[in-house]
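This report covers aromatic contacts, surface and confidence. Please read it beside the model.

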Amino acid sequence: EVYARYVQERLPGATLTETRLDGFQLVSMVRRQQQGWKTGRFPLAELSGVLTVDDPAAFLGPLSTGIGRMRAYGFGLLRLEAP
């Protein structure tokens with residue numbers, strides 16, 4: 001439920017009607033900062049479900065940029081498939 005709410009809050013113009021957690025793991029990542037390298041762990045959750053787009057213009061932003069705090073590192077992806 002927590003991840004479903006998180007996704008719903010970050011997808012304006014769309015409604016989640018069904019969700020399920022297909023996978024979860026903690027992933028380690030090394031990233032470069034001004035002071036050197038930093039290692040961190042963050043959650044990686046895979047959700048699937050049914051999403052209805054109510055306002056395509058509002059939905060376009062999150063669709064093109066992704067969602068989540070790690071999207072700049074290639075996470076936070078959205079994959080959409082036709083029903």
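Helices (H or I, at least four residues) and strands (E, at least two) are DSSP runs, numbered from the N terminus. Strand β1 gives the most to the nonpolar patch, with three residues. This is a predicted model, in which local features need pLDDT of at least 70, side-chain atom pairs count only at pLDDT 80 or more, and totals for chains, interfaces and linings use all residues. Residues are numbered from 1 along each chain as its sequence is written, and side-chain values use heavy atoms, without hydrogens and water.

The patch covers about 450 Å² and is made by Y3, L21, F24, L26 and L47. Patch residues have over 30% relative accessible area and no salt bridge, and nonpolar side chains are joined within 5 Å. L26 lies in strand β1.

The whole structure holds one aromatic pair (ring centres within 6.5 Å). Y3 and F24 form this pair, 6.1 Å centre to centre.

The charged end of R10 sits over the ring of Y6, 3.6 Å from its centre (CZ of Arg within 6 Å of the centre and within 35 degrees of the ring normal).

Mean pLDDT (predictor's confidence, 0 to 100) is 87 for the chain.

Definitions and conventions. Rings of Phe, Tyr and Trp (its six-membered ring) pair if their centres lie within 6.5 Å; planes under 30 degrees apart count as stacked, over 60 as edge-to-face and the rest as tilted. Patches are made of residues with over 30% relative accessible area and no salt bridge: like charges are joined within 9 Å, nonpolar side chains (Val, Leu, Ile, Met, Phe, Trp, Tyr) within 5 Å. Accessible areas come from the Shrake-Rupley method with a 1.4 Å probe; for residues, only the protein chains shown count as cover. A salt bridge is a side-chain nitrogen of Lys or Arg within 4 Å of a carboxyl oxygen of Asp or Glu.
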